[in-house]
Amino acid sequence: MCWSATADLVAGCGIAAVGVACVARTRRVGDLPLAGLPLLLGAHQAVESLVWRSGGGTGPATVAWAAMALPLLALWVPVAVLCATPPRARHRLIIPLAAGLATAATLSYNLATHSVTADIRGHTVGYAIDLPHAELLVAGYLLATVGSLLLSGDRILVLLGVLIAVGAVVCWALWELEFVSTWCAFAAVCSVVMYGWVRGRSVSPGVPRVPAER
């Protein structure tokens with residue numbers, strides 16, 4: 001992943017296939033947004049393969065990649081975790097959700113008013129956009145995405161949050177200029193953990209299920 005257009009496309013298709021399996025196995029309405037996360041991340045990597053093929057720049061593929069990576073994920077993850085969490089435990093997710101809403105709104109505004117540029121750097125892709133208070137936005141982004149998983153109270157989701165948090169630190173330390181791209185790639189790979197979460201949820205009784213088609 002993050003090696004070439006072909007690597008991103010193959011990895012994206014593989015992750016998306018895991019997402020299809022997760023959604024197909026899901027039996028609870030509230031679990032669908034989280035079960036569909038690998039689908040989103042797989043599509044995201046496939047979009048990056050188009051960024052590679054276009055040579056970077058500021059084209060539609062770059063804008064689409066940035067929109068998915070930045071505001072969409074910042075909002076999708078905390079909302080999806082909230083939907084999958086029992087009502088009695090949702091109070092602890094208020095802060096990550098609020099961080100996601102604020103971060104997604106700010107990032108959406110900046111994507112709408114500033115251009116985003118992709119730069120091919122060897123076997124990685126760097127994305128550049130003029131963001132005010134970038135450090136604060138990164139903190140809010142990680143609180144929304146990683147924080148919601150860590151505070152979910154679910155053992156597998158907490159494990160996923162730990163893996164992604166470690167990946168974020170490693171990506172920042174090794175590829176600071178390409179942090180967003182490499183971290184999203186790592187998160188996509190880690191999303192295969194979601195299948196184990198879906199399997200466990202599919203056999204737990206007492207939660208509303210998705211109606212079966214006749």
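**Helix packing and cysteines**

Guide: Helix α5 (residues 94-113) and helix α6 (residues 134-150) have axes that come within 8 Å and cross at roughly 135°. Axes are lines fitted to C-alpha atoms over the stretch in contact, with angles from 0 to 180 degrees between N-to-C directions, and helices are DSSP runs (H or I, at least four residues) numbered from the N terminus. This is a predicted model, in which local features need pLDDT of at least 70, side-chain atom pairs count only at pLDDT 80 or more, and totals for chains, interfaces and linings use all residues. Residues are numbered from 1 along each chain as its sequence is written, and side-chain values use heavy atoms, with hydrogens and water left out.

Visitor: Which residues of α5 and α6 meet?

Guide: On the α5 side they are I95, P96, A99, G100, T103, T106 and L107, and across from them in α6 are L137, G140, Y141, L143, A144, G147 and S148, where contact means heavy atoms within 4.5 Å. The residues of this contact divide into eight nonpolar, six polar and no charged, with Ala, Val, Leu, Ile, Met, Phe, Trp, Tyr, Cys and Pro counted as nonpolar, Asp, Glu, Lys and Arg as charged, and the others, Gly among them, as polar.

Visitor: Switching topic, how many disulfides does the structure hold?

Guide: The structure holds zero disulfides, a disulfide being a pair of cysteine sulfur atoms within 2.5 Å.

Definitions and conventions
Helix = DSSP H or I, 4+ residues; strand = E, 2+ residues; numbered from the N terminus.
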